[in-house]
Structure formats: C-alpha cells, structure tokens
Amino acid sequence: MRNNKNAYHYLGLKFRQQKRYKDEIRWRDKYKCQICGGPGYDVDHIVPFHISQDSSPSNLRVLCHKCNLIARQNPRANPFETMEDWYKYLEAELGKCEPY
C-alpha cells in the first residue's frame, strides 16, 4: 500500500497535520469537546478538507471521540456538492449529540 498513492488518499493520510500543529489546536480549545463540552482529543475539520481545502486553525476544532463519530459518520460515502449542503447536514447531525 505504501506505493499506491490512491490508497494514501483513500485512507486520509494526505490530509494529516503534524502532531505539534494538532497540539496547538488542542491547547487553544483546552482539550475540551467543542460540541458537548466533555474531554476531547480528536482534532476535526469543521468543514471537511475535501470540500473546503482548508486546514487553517479557524476550520479546526477539538471533539471527543463520540461527537467526532456522529459528526463524521461517513462523509466519503456521501460527498456534498456545495458548502451550503454541508452546513445543512452538519446542523442536523450535531443536533443529535447529547450534552456532556
């Protein structure tokens, strides 16, 4: 798989940030899930990279594992055409997450 560029893209390895960059985002968000308020460690793109092409700090947040799974259940199987479609989906999914 190491020689297959499509496998790297499929596995999301192309979009991974460095550990130090992720640590800065975690520190900024105080290791707290930005949805439920519980302890969080997963650094997540608010708008997926494949839609926005943006990995700036303003498009990143910390989530707990549970909220991250709910927010990103399977975005690759159902890619959205526009940012507006993504925001509608995100509002609906995040409404399902229970407070911590």
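**Close-up 1. Asp23 pairs with Arg26 in a salt bridge, with 2.9 Å between the closest N and O atoms.** This is a predicted model, so please read each view with that in mind. Both residues belong to helix H2, and because they are three residues apart there, about one helical turn separates them. Asp23 also forms a salt bridge with Lys19, again with closest N and O atoms 2.9 Å apart. Lys19 is exposed at 57% relative accessibility, and Asp23 is partly exposed at 21%.

**Close-up 2. Arg26 sits in helix H2, which covers residues 19-28.** Arg26 counts as buried because its relative accessibility is 6%, under the 20% cut-off. Beyond its sequence neighbours up to four places away, Arg26 touches Tyr31, Tyr41, Val43 and Val62.

**Close-up 3. Arg28 and Asp29 meet through their side chains in a salt bridge, 3.0 Å from N to O.** Arg28 is partly exposed, at 35%, whereas Asp29 is buried, at 10%. In the whole structure, a search finds four salt bridges.

**Close-up 4. Cys33, Cys36, Leu63, Cys64 and Cys67 make up the largest nonpolar core.** Setting aside neighbours within four places in sequence, Cys64 contacts Cys33, Cys36, Pro39, Gly40 and Asp42. Pro39 lies in the loop between H2 and strand E1 and is exposed, with 59% relative accessibility. Look for His65 too: its C-alpha is 9.3 Å from that of Pro39, although the two residues are 26 apart in sequence.

Technical notes: Residues numbered from 1 in each chain as written. Predicted model: local features only at pLDDT ≥ 70, side-chain atom pairs only at ≥ 80, totals over all residues. Heavy atoms only, no water. Core = buried A, V, L, I, M, F, W, Y, C linked by side-chain atoms within 4.5 Å. Buried < 20%, exposed > 50% of the residue type's maximum accessible area, 1.4 Å probe, protein only. Contact = heavy atoms within 4.5 Å. Helix = DSSP H or I, 4+ residues; strand = E, 2+ residues; numbered from the N terminus.
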